[in-house]
Amino acid sequence: MDDDIALRTALTFTLELDGFVVTALGSGEDLLNCTLPDAPACLVLDQNMGGLTGLDSLAQLRSRAIDLPALLITSHPRQSVRDAAAALGAVIVEKPLLGDALLSEIDAALKRQAAIRKAVPETPRPS
């Protein structure tokens, strides 16, 4: 999710080249109104957006018991952003996105998710 269409398009292209199925959204409100996939999936959220921030959106998803792994993209995060991200279970990936940092974090998040789901029996997600 990113409100910068050029960055959103570039990230979508890069992730699709690496074999990911991508749903690109332009706002936190769009994210909250869409149907999220079941696992395996990973949220990639831009912190600085008009309207809801990445953390605002993630907090609302967590309040709905949506526990998908989340990556928060931001530049020079303040300690308060780091603390809030940690509390929501989000990993921060700092801009500029260099090399394969984002892809590596997505892979790691999906592996953690798979390990957790393997260890804990699946419970239905609320509608």
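Predicted model: local features only at pLDDT ≥ 70, side-chain atom pairs only at ≥ 80, totals over all residues.
**Exercise 1. Find the salt bridge partner of K95, and say which parts of the chain the pair links.**

Step 1: Look at the side chain of K95. It meets the side chain of D46 in a salt bridge, with N to O at 3.3 Å.

Step 2: K95 sits in the loop between β3 (90-94) and α5 (101-119), while D46 belongs to strand β1 (residues 43-46). The two are 49 residues apart, and the pair links distant parts of the chain.

**Exercise 2. Decide for K95 and for D46: buried, partly exposed or exposed?**

Step 1: Recall the cut-offs. Under 20% relative accessible area is buried, over 50% is exposed, and in between is partly exposed.

Step 2: Apply them. K95 has 24% relative accessibility, so K95 counts as partly exposed. D46 has 2%, so D46 counts as buried.

**Exercise 3. Work out what the salt bridge between R117 and D67 ties together.**

Step 1: Check the distance. The closest N and O atoms of R117 and D67 are 3.7 Å apart, and the cut-off for a salt bridge is within 4 Å.

Step 2: Locate the partners. R117 lies in helix α5 and D67 in the loop between α3 (54-63) and β2 (70-74), so the pair ties together parts that are 50 residues apart in sequence.

Step 3: R117, at 28%, counts as partly exposed, whereas D67, at 55%, counts as exposed.

**Exercise 4. Describe the salt bridge between E94 and R82.**

Step 1: Read the distance, which is 2.8 Å from N to O.

Step 2: Find the elements. E94 is in strand β3 and R82 is in helix α4 (residues 79-87), 12 residues apart.

Step 3: Compare with the cut-offs. E94 is partly exposed at 34%, and R82 is partly exposed at 33%.

Step 4: Check the total. The structure holds 3 salt bridges.

**Exercise 5. Explore the largest nonpolar core and name the elements that give it two or more residues.**

Step 1: Start with the members. This core has 20 residues, and L31, L36, L43, L45, L58, L61 and L72 touch the most other members.

Step 2: List the elements. Two or more residues come from each of α2 (28-33), β1, α3, β2, α4 and β3. The largest share, 3 residues, comes from α3.

Step 3: Zoom in on L72. Leaving out residues up to four places away in sequence, L72 touches several residues, including L45, D46, V81 and V91.

Step 4: Look beyond this core. Apart from it lies another core of 10 residues, among them L71, I73, V93 and L102.

Key: Residues numbered from 1 in each chain as written. Heavy atoms only, no water. Helix = DSSP H or I, 4+ residues; strand = E, 2+ residues; numbered from the N terminus. Buried < 20%, exposed > 50% of the residue type's maximum accessible area, 1.4 Å probe, protein only. Core = buried A, V, L, I, M, F, W, Y, C linked by side-chain atoms within 4.5 Å. Contact = heavy atoms within 4.5 Å.
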